[in-house]
Each structure stands twice: as C-alpha cells, then as structure tokens.
Amino acid sequence: MKKEEQMDKAKSASAASAPVKKLIPYGGYYAKQTLAHDPELTETGPGTPAGEYFRRFWHPVCMSMELTDTPRFLKILNEELVAFRDKSGRVGVLHAHCVHRGASLEYGAIQERGIMCCYHGMVFDVDGTCLHVPYPKGEEKEAERFACTIRQGAYKALERNGLVFAYMGPPEEEPPFPEWESDFTVAPGDELVPYSNFQHCNWLQVQDNAADNYHTAALHAASSVVDGHFQGTTFNEVGAASMEVAPDMLFVPIHEGRGLACAGARRSDDQHMFVRVQHQVLPNLSLHAYTSEDGLKKKLFSRFNIVRWTVPVDDVNSKMIGWRVLGPTIDTRGVGDKNMVGYEAIDFLEGQVAMRRPERFGKYKLEDMPPIPPNHRERANYKDAQYAPGDYEAIISQRPIAVHALENPTKFDAGLYMFRKLLRDAIRGSNPGASAERFAQWLKDSHGAPNSFCSGNVFHLPLAKTVEEEVAQRRMLSKQVIAILNESDKMSGPARTEFVKTRFEELEQTVKKTYHA
C-alpha cells in the first residue's frame with residue numbers, strides 16, 4: 001500500500017472513531033479540542049490571502065526611539081527586516097539578509113547614506129540601491145557594473161509622532177498615508193504619545209479585543225479581582241466605574257464595509273447616559289474614545305484617546321503599537337500619565353503587556369527597551385497576574401492562535417464576528433468597497449484625511465420610569481448617534497464638529513420628550 005493511501009486510511013479511521021460532542025457532566029472526553037485555527041484570517045506571511053491584503057496598507061513597525069546608532073532587527077508580517085536611521089537622518093526598512101550572501105544587516109554599520117553589510121562591505125541606500133561594492137584597486141568600474149545588477153529588498157518608510165511606518169506592498173499600489181481627520185483630532189495642548197506593546201499571540205485575537213466592548217464589565221471590574229489583590233487592571237481603580245457597567249451594544253458597518261462603528265450605551269448615574277463609539281478600520285486599526293470617562297458630566301463628541309494598530313509579527317506574535325492621546329482637552333479628568341507611555345508600557349490600565357509596572361519602572365527607565373518575557377507563563381509576575389488579569393492575559397491565553405470553531409458566542413460578541421466577516425469579504429473580494437484598490441481611492445478622495453466615527457458622549461438623560469423604557473431609550477440613543485455621525489461624514493473639520501454637537505443636543509431633547517414627557 002502506498003504511503004499516501006496509508007495516510008488517508010489513517011485519517012478516515014481517526015475521524016470515524018472521534019467522539020461525538022455531548023453536553024454532559026464531566027464530559028471533557030466529548031469536547032476534545034482538535035479543530036484548527038482559521039488560516040484565511042490569521043496567517044499573514046507573504047503570499048497568504050490576509051498577508052497580501054495587509055501589504056496594501058501602511059503599518060507602524062517600531063517606535064522612533066528604537067532606531068539608535070545600531071540597526072534594529074524586526075519581524076513584521078512574517079518577514080525579517082532591519083530598520084535604521086542613517087547619519088543623514090533618513091529612515092530605512094530593508095530585508096534583513098544581504099542580497100549578496102545573506103548576512104544579516106542587523107550587524108551592519110550605519111553610514112552617512114545607507115547601511116554597510118558587515119560581511120563584504122556592500123552599502124545599500126534606504127530604497128535598496130547598492131551604493132558601493134568593494135573591489136580591488138583598479139577594478140572600480142567592474143564594481144560599479146555589479147552594483148547595478150543587485151538591489152536590497154526595501155520598503156518605503158516614514159515617521160509620524162515617534163512611530164516608524166512602512167508600506168510593504170507593490171510600490172505602484174501605494175495608498176496615501178491616512179492622516180485621520182488630518183490631525184487625529186488632537187486639539188491644541190494635547191499630543192500623540194507613541195507606544196509599542198508586544199503580544200505573545202496571533203494578531204487577530206488582539207484586534208478582536210478592541211471590537212469586544214462588552215468585556216470591560218467583567219475583565220476590568222473591581223469585583224473580578226481575587227481577594228483584594230488590586231493592581232490597576234480595573235476601571236474602578238482609575239475612577240471610571242461607568243466603564244464597568246455592562247453596555248447595550250450596537251454594531252454598524254460603515255464606509256462601504258471598510259470599518260465598523262461599535263456603540264455602547266450604559267448608565268453612568270441616574271441622570272446621565274454614556275454612549276461610547278469605537279471605530280474599527282480594516283484591516284487592523286482601532287480608534288478608541290476616552291478610556292477614563294466617569295460619565296458624571298455632560299460631554300458631546302469627545303474624540304480620539306487611543307489610536308492603535310495591531311501589527312502581525314508572525315503568526316503567533318504581534319504588536320499593539322500606536323499613540324495615546326494625552327492632554328487637557330481629551331483627558332478631562334487629568335488621569336493620563338505620559339511618563340508611563342512608551343516601549344512595553346502604557347498608562348490607561350495595567351495588564352496591557354507581559355511586564356507589569358513594578359518591574360517595568362522598578363528595573364528600567366521609560367526610555368529603556370527592556371527584554372520581553374518569552375511567554376505569558378515564564379515571567380516573574382505570573383501569580384500576580386492570576387490575581388488581577390488584564391487584557392494581555394485574557395487575549396494571550398486564548399492559545400497562540402485562537403480557534404474560532406471552538407467558540408460559543410453571545411449576541412454581545414457580534415462586533416468581533418462582524419469585523420471578521422468584513423475582513424474575510426475584503427480578502428476574498430466579495431465586498432468591493434473594502435478592496436485595497438477602493439480603499440486607496442477613498443483615501444485619495446478624502447485627501448488622506450478620512451473622518452472617524454470614534455467619539456465619547458455623555459447625555460443628560462434621567463433614568464426612565466420602567467426597565468423596558470430604559471432599554472428602549474438607550475437603544476434609540478445609540479442608533480441615532482450612529483445615524484448622525486453617518487450623516488456628518490460628508491463634512492469635515494470644525495463644520496462637522498459643530499453639526500454633530502448641534503444634532504446631539506437635539507437628539508437629547510427628542511429622547512427626553514419621548515421617554516420623560
């Protein structure tokens with residue numbers, strides 16, 4: 001019998017003997033976890049469906065502070081890269097292995113222009129051009145001819161507010177860099193503070209968490225901390241107890257399926273309703289409204305508080321990398337701390353990264369780049385994290401690559417499932433509006449500054465007379481908030497802001513007349 005036939009027979013026998021799932025006490029035997037992950041969405045290497053889609057967008061690859069006087073080795077989208085700043089100030093992102101004989105450019109010497117390979121002294125410019133090939137004296141012309149026959153793999157790079165971005169797709173398909181609303185809604189006096197947090201798992205489950213607005217009522221609730229071992233992982237600890245109230249969620253695809261608006265309405269006290277709108281953008285961007293809202297004072301159309309990309313490193317590792325927006329306009333309660341935002345650190349809640357703050361800031365300074373623990377179990381703070389887990393622990397522990405076929409979702413998980421579908425449709429081409437080509441055209445049409453639905457809103461709305469009316473009130477509010485934001489999308493700048501605030505004021509009065517007449 002041929003080897004292939006033996007393997008097929010063995011697979012058939014295994015399938016035939018597999019136990020049928022049964023929901024019975026102590027029925028672990030009938031719930032064997034043998035299913036595989038979803039490669040179409042989770043694998044992002046060169047040539048994979050998701051990988052090719054990802055490569056048509058700009059992604060942050062590292063922080064500017066990581067570019068020192070030696071090259072920085074990176075792995076992004078399963079590719080080994082080297083990033084550096086040459087002595088003239090230009091940033092390069094090149095394939096790590098020298099095109100000549102494969103030595104890694106992480107051991108190269110940064111030049112006034114470009115980088116020199118340590119092995120044979122070839123010099124490459126930031127665009128991959130070979131600038132110099134060492135040949136014996138008298139053979140310089142031959143060296144020049146050889147230099148014209150090779151080119152180091154290179155990706156176009158740019159810097160914005162302390163982050164280094166790269167475009168890793170075909171140069172002829174490069175889209176505009178998306179300057180959301182031209183300034184990421186940063187008001188005078190506020191600033192974009194860069195950070196990069198390593199995640200020991202596949203990118204998609206990290207991105208899923210951003211669309212899962214319901215988890216704050218459990219994971220970040222003070223009541224979930226074990227035996228009083230508080231460590232800053234809950235919203236109660238930063239005075240934002242309203243974020244621990246279970247929200248009534250509404251999920252609406254926007255921008256022709258290029259993104260998802262996630263509106264969560266929750267009662268912050270008997271006089272105020274808090275409606276927080278997150279904006280998920282294909283393939284891996286999330287725009288977050290104010291994370292420390294107490295919801296005790298009326299506030300309409302508060303904007304970005306976190307801008308975050310989930311960037312695949314490889315199939316089982318990723319980075320949360322982006323900006324924390326800090327300053328008096330967005331952080332009205334003044335609880336943000338710029339001194340805790342950076343490499344392997346962010347301030348809004350503890351438990352966002354493998355290393356907890358006592359170790360991160362006890363052993364290292366903010367400007368340091370501490371070694372990243374190998375995984376979530378092999379770290380000094382493992383037991384502490386069991387007492388008070390944060391997003392990092394919940395996300396990482398879903399396995400290196402989450403197995404979607406084993407999930408049993410509730411209706412409040414609809415956002416992440418909707419986002420997955422938008423992504424799958426974009427990858428397959430079944431949603432033309434979210435294709436890379438249409439996405440790029442949309443950015444061109446908006447002059448690289450599209451509008452976002454991201455907003456935090458506190459309405460002055462008293463508690464309704466009955467539970468049924470309270471539910472109807474908050475659902476009406478969320479639905480109309482999204483409708484108004486959608487209507488305003490044809491505007492921009494101050495005119496849009498004024499329009500939204502005016503319409504929100506009118507909405508508040510309409511809801512009051514409907515439920516409090």
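A: A crossing of two helices counts as right-handed if the near helix is turned clockwise from the far one by less than a right angle, and as left-handed if the turn is anticlockwise. In this predicted model, the crossing of α11 and α12 is right-handed.

Q: Why are α11 and α12 called roughly antiparallel to each other?
A: Helix α11, residues 467–487, packs against helix α12, residues 493–515, at an angle of about 160°, and their axes lie 10 Å apart. Angles over 145 degrees count as roughly antiparallel, and α11 and α12 are therefore described in that way.

Q: Which residues in α11 and α12 meet?
A: Those in α11 include Met476, Leu477 and Ile484, while among those in α12 are Phe499, Phe504 and Leu507. The residues of this contact divide into 12 nonpolar, four polar and four charged.

Q: How do you know that cysteine 98 is in no disulfide?
A: A disulfide needs two cysteine sulfur atoms within 2.5 Å, whereas the nearest cysteine sulfur to that of cysteine 98, which belongs to cysteine 117, is 3.9 Å away. For cysteine 262, also in no disulfide, the nearest cysteine sulfur is that of cysteine 454, 11 Å away. By this rule the count of disulfides comes to zero.

Q: What makes cysteine 98 count as buried?
A: Buried means under 20% relative accessible area, and cysteine 98, with a value of 5%, is therefore buried. Cysteine 262, at 0% relative accessibility, counts as buried as well.

How values were computed: Residues numbered from 1 in each chain as written. Predicted model: local features only at pLDDT ≥ 70, side-chain atom pairs only at ≥ 80, totals over all residues. Heavy atoms only, no water. Axes fitted to C-alpha atoms, helices over the stretch in contact; angles between N-to-C directions. Helix = DSSP H or I, 4+ residues; strand = E, 2+ residues; numbered from the N terminus. Parallel < 35°, antiparallel > 145°, perpendicular 65-115°, else oblique. Contact = heavy atoms within 4.5 Å. Nonpolar A, V, L, I, M, F, W, Y, C, P; charged D, E, K, R; others polar. Buried < 20%, exposed > 50% of the residue type's maximum accessible area, 1.4 Å probe, protein only.
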